[in-house]
Amino acid sequence: MSWENNIRKVVPYVPGEQPVGEDIIKLNTNENPYPPAPGVEAALREVADEYAIMRKYPDPDAGLLTHALSDFYGVPEESIFVGVGSDDVLAMSFMTFFDSDKPVLFADITYSFYEVWADLFRIPHKLIPLRGDFSIDPESYMQLNGGIVIANPNAPTSLYLDVSDIERIIAANPDSVVIVDEAYIDFGGTSALPMIDKYDNLLVVQTFSKSRSMAGARVGVAFGSPKLIAYLKDVKFSFNSYTMSQDAIRIGAAAASLSDRDYFEDVVRRIIATRDDATARLRAMGFKVIDSSTNFLFVTHPGHRASDIFEALRERRIYVRYFNKPRIDDHLRITVGTPEEMESLYTALADILGA
Ligand SMILES: *Cc1c(COP(=O)(O)O)cnc(C)c1O
């Protein structure tokens with residue numbers, strides 16, 4: 001069939017399973033086990049009351065949301081770009097900022113969507129190997145490139161690179177846009193956000209999906225110099241002006257409001273406490289567990305194959321993530337759930353490991 005020669009082909013990103021049904025323990029896609037902030041519930045009720053707004057196109061600038069974000073982070077509105085989850089924000093950023101013949105650099109083990117977008121948009125790219133302990137070597141980003149993407153903390157490794165090393169990478173690459181994907185920054189580490197004033201080639205991307213418990217609402221955000229954000233908006237408005245629904249804009253604005261800050265910080269504290277407890281519990285069962293700066297753990301067991309543990313947990317309706325990829329095919333990524341969910345995990349693991 002000759003038309004098949006003329007179409008764009010890509011190997012798609014494979015998201016984690018979203019199983020349906022009762023009594024499933026879902027620790028495979030880094031969702032937050034706690035509900036979103038109370039303001040979100042109130043905003044949802046308002047949305048339901050005003051079904052007539054569906055008639056109109058949403059605000060293409062998502063003004064309510066950028067305004068709330070501006071207040072929350074103390075960043076001017078012209079430095080803020082929002083989208084349908086950070087996946088949308090990142091895809092737009094790849095399209096906008098990476099148009100060089102030189103390769104865009106990102107780690108060999110990182111968010112696997114980066115390689116998919118690079119392929120999709122025909123962006124030359126080069127995988128930069130993490131060190132043997134999965135840490136990032138900042139020096140390896142000091143080579144000719146057409147752009148840089150770093151997830152910090154990184155996924156699925158859960159490791160945080162000190163923000164001073166992030167700064168060294170940005171400072172050494174003034175001729176490239178450097179994207180720092182901070183999907184997990186609220187769970188550990190220091191954000192590069194304040195550096196957008198100093199480096200006009202820095203884009204910091206964050207999401208409401210993890211720390212703010214709103215994966216289903218699809219809200220993502222990028223912060224950068226007004227110049228960078230203006231270029232991003234040019235591409236976005238040339239592609240689709242109305243990506244975010246008015247509901248998502250309103251719900252996102254509620255979640256970003258200062259009044260919900262205490263709730264948000266409390267949820268993050270609880271997850272960190274459960275994470276640190278889980279690290280100790282899993283180590284006591286013989287797992288090697290990387291010190292996590294995220295809401296998930298990256299683990300391996302010297303005595304059992306990760307794929308076997310994955311299958312055995314799945315039979316018990318406990319879902320974790322297994323990546324059949326070089327260097328990490330004997331690891332599991334386990335999202336931090338509630339303390340109760342984690343107890344069920346430990347019980348199942350004790351059974352599987354025969355402890
Ligand atoms: C979860 C995740 C994202 C995407 O999240 P959205 O739900 O699209 O906002 C982006 N980057 C990393 C590293 C992630 O883990």
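**Ligand contacts**

The model is a predicted one, in which local features need pLDDT of at least 70, side-chain atom pairs count only at pLDDT 80 or more, and totals for chains, interfaces and linings use all residues. Residues are numbered from 1 along each chain as its sequence is written, and side-chain values use heavy atoms, with hydrogens and water left out.

I then turned to Arg-218, where a polar side-chain atom is 2.7 Å from an oxygen atom of the ligand. At Ser-86, a polar backbone atom is 2.6 Å from a ligand oxygen. I noted that the protein covers 93% of the 380 Å² of accessible area that the ligand has on its own (Shrake-Rupley method, 1.4 Å probe).

**The shell around the ligand**

I listed the residues with a heavy atom within 4 Å of the ligand; among them are Gly-85, Asp-87, Tyr-111, Asp-181 and Lys-210. By class, I found four nonpolar, four polar and four charged residues in this shell. Here Ala, Val, Leu, Ile, Met, Phe, Trp, Tyr, Cys and Pro count as nonpolar, Asp, Glu, Lys and Arg as charged, and the others, Gly among them, as polar. Helix H3 (residues 85-97) gives the largest share, four residues; helices (H or I, at least four residues) and strands (E, at least two) are DSSP runs, numbered from the N terminus.

**Aromatic pairs**

I counted 17 aromatic pairs, taking rings of Phe, Tyr and Trp (its six-membered ring) whose centres lie within 6.5 Å; planes under 30 degrees apart count as stacked, over 60 as edge-to-face and the rest as tilted. One of the pairs, Tyr-13 with Phe-113, is stacked, at 4.2 Å centre to centre and 10° between the planes. This pair links distant parts of the chain, 100 residues apart: Tyr-13 is in the segment before strand E1 (25-26) and Phe-113 in helix H4 (residues 113-120).

**Backbone exceptions**

Most residues other than glycine have a negative phi, and most peptide bonds are trans. I found a cis peptide bond between Asn-152 and Pro-153, with omega about -10°. Pro-153 lies in the loop between strand E5 (147-151) and helix H5 (163-172). The bond from Ala-155 to Pro-156 is also cis, with omega near 5°, and Pro-156 is in the loop between E5 and H5. Lastly, I noted Ala-62, not a glycine, with a positive phi of about 50°; Ala-62 is in the loop between helix H1 (38-49) and helix H2 (63-73).

Technical notes:
Polar contact = N/O pair within 3.5 Å; in protein donor to acceptor, adjacent residues only side chain to side chain.
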